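Colleague: I am new to reading models like this. Can you take me through it?

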Amino acid sequence: MNWFEHFFSDLGTTLRDVLPIAVIIIVFQLFVLRRRVANLPRLLGGFGFVIIGMALFLQGLEQALFPLGELMAKQLTDPAFLFGEKPPATAHWSDYYWIYVFGFAIGFATTLAEPALIAVARKANQVSGGAIGVLGLRYAVAIGVAVGISLGCFRIVTGTSLQWYIIVGYVVVLLQTLKAPKMIIALAYDSGGVTTSTVTVPLVTALGLGLASTVPGRSPIMDGFGLIAFASLFPIMSVLGYAQLAEWWVNKKSVKAQEDENAL
Amino acid sequence: MPSRLEHFTLLRTLAPVIRLLFGSFRDLLPIILVISFFQLAVLKQPIPDLYSLLGGILLVAIGLTLFVQGLEMGLFPIGESMAHGFARKGSLFWLLAFGFALGFGTTIAEPALIAVAKEAAEVAALGGMITDTPEQRSSYAIGLRLTVGLSVGVAIALGVLRIIKGWPIQYLILIGYFGVILMTFFAPAEIIGIAYDSGGVTTSTITVPLVTALGVGLASSIHGRNPVTDGFGLIAFASLTPMIFVMGYGMYRA
């Protein structure tokens, strides 16, 4: 029963993930807060759902998406696919165009399925009274991750230094912060950290290592890193940008409404 | 003839579940499209083991549905209820201790971090920062995990303090960015890529909703704080401090 074994091993992984959280919560609840938790059965049921849900989720990913995604990352970075029968001694960065497209597409698609992002988007929607849309935020983050992965692949191919990209990125984020609506700032900073977890990290790591081991002059150990860093930086910009765009749109509309009123 | 009414009630209880399941499929559709397009149109190869793939996608969709359901029933309420509890208790010390414990405890056991720490030890051995023996490697990896755990613990505690004091987040982030850039100039070149990546892998899928609910719960139970502008930001700190701490660790071990 291979399937069952897999499921139980994933269940074990999830339980190990939840265990420290459960211990900390119970200790603080019993010894520090010393208050009865409201609706305990429902709470425990919720934890049960989370654990079984994560185990099934992981099981499905490992059965279907990870092997195929990793295989594709390997095949797409294979010189035989990129250059045909005789790979040239030196390759131009533009020869790798399929990698950039794949990085963009897979970054976008995996981010939309990322459970942690779904959680944060739902919470943001709830506390903002609906002003922040669940899907809008998730699409904004997904575009940021897509651009980040794509650019990160370009960086690995060209072998340019990681830190300059990051420093320029930080400057852009800080400049955007000055102009962006206050409501979005903390959430935008958060979106950098939530994007890269269960679905995105394994696929993106496979892509980075595959790329760094096939491009001439790169080594997976020295150049294979940095995709996750890009995938956590660019969503900050895209979410800030999305809010700026939304604000500009609303302002434009209200100015127009004002003008229409004045005209009457 | 009770059947029509029964069907109706059954449908009504099942409707939210079906809607959630449908939503999960919609969330997965882009991955299915991307993978099929690249496999069929770009690589021009058949999809291997189609049934296993479809079964896997079904599992992912069911898992995601259960997760979202459990989120609203378990993770969000406990995070918020504890935030309210701490606010009522009014002890800053215990609140910060809880924040630190949550950050440290969840990070240290994080599988993604264990994988990254192992890779980092390999890089360090290759770069000659440590002698290439299994003992040295594992001590390097464990040291790194402790460092990252510590950094996330500090981050959550600091983030909680920010919510209580109402400090604007951008100034703290600005300081953090400065720290990252400054450390980049002093840290050994081999560690920089790993340090930058470590920021993204620290917060797991189960930690994120809990920490988010804690922040939002705190901000909404403290007078004068806004849950949107003040409640978020804990994750941001948790992905920034590991970069600084890991580069510091690289310098220390070099």
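Colleague: In what order do the elements of chain A run from the N terminus on?

Modeller: This is a predicted model: local features need pLDDT of at least 70, side-chain atom pairs count only at pLDDT 80 or more, and totals for chains, interfaces and linings use all residues. Residues are numbered from 1 along each chain as its sequence is written, chains are lettered from A and ligands numbered from 1 in the order written, and side-chain values use heavy atoms, without hydrogens and water. Helices (H or I, at least four residues) and strands (E, at least two) are DSSP runs, numbered from the N terminus. Chain A has 11 helices and 0 strands, and its order is α-α-α-α-α-α-α-α-α-α-α.

Colleague: What share of the 264 residues in chain A is buried?

Modeller: Buried means under 20% relative accessible area, exposed over 50%, partly exposed in between (1.4 Å probe, protein chains only). In chain A, with its 264 residues, the buried share is 52%.

Colleague: Is A:R34 buried or exposed?

Modeller: A:R34 sits in the loop between α1 (2–33) and α2 (40–76) of chain A. Its phi is positive, near 50°, and it is not a glycine. Because its relative accessibility is 64%, A:R34 counts as exposed.

Colleague: And which class does B:K44 fall in, buried or exposed?

Modeller: B:K44 lies in the loop between α1 (3–42) and α2 (50–89) of chain B. Phi of B:K44 is about 55°, positive in a residue that is not a glycine. Its relative accessibility is 67%, so B:K44 counts as exposed.
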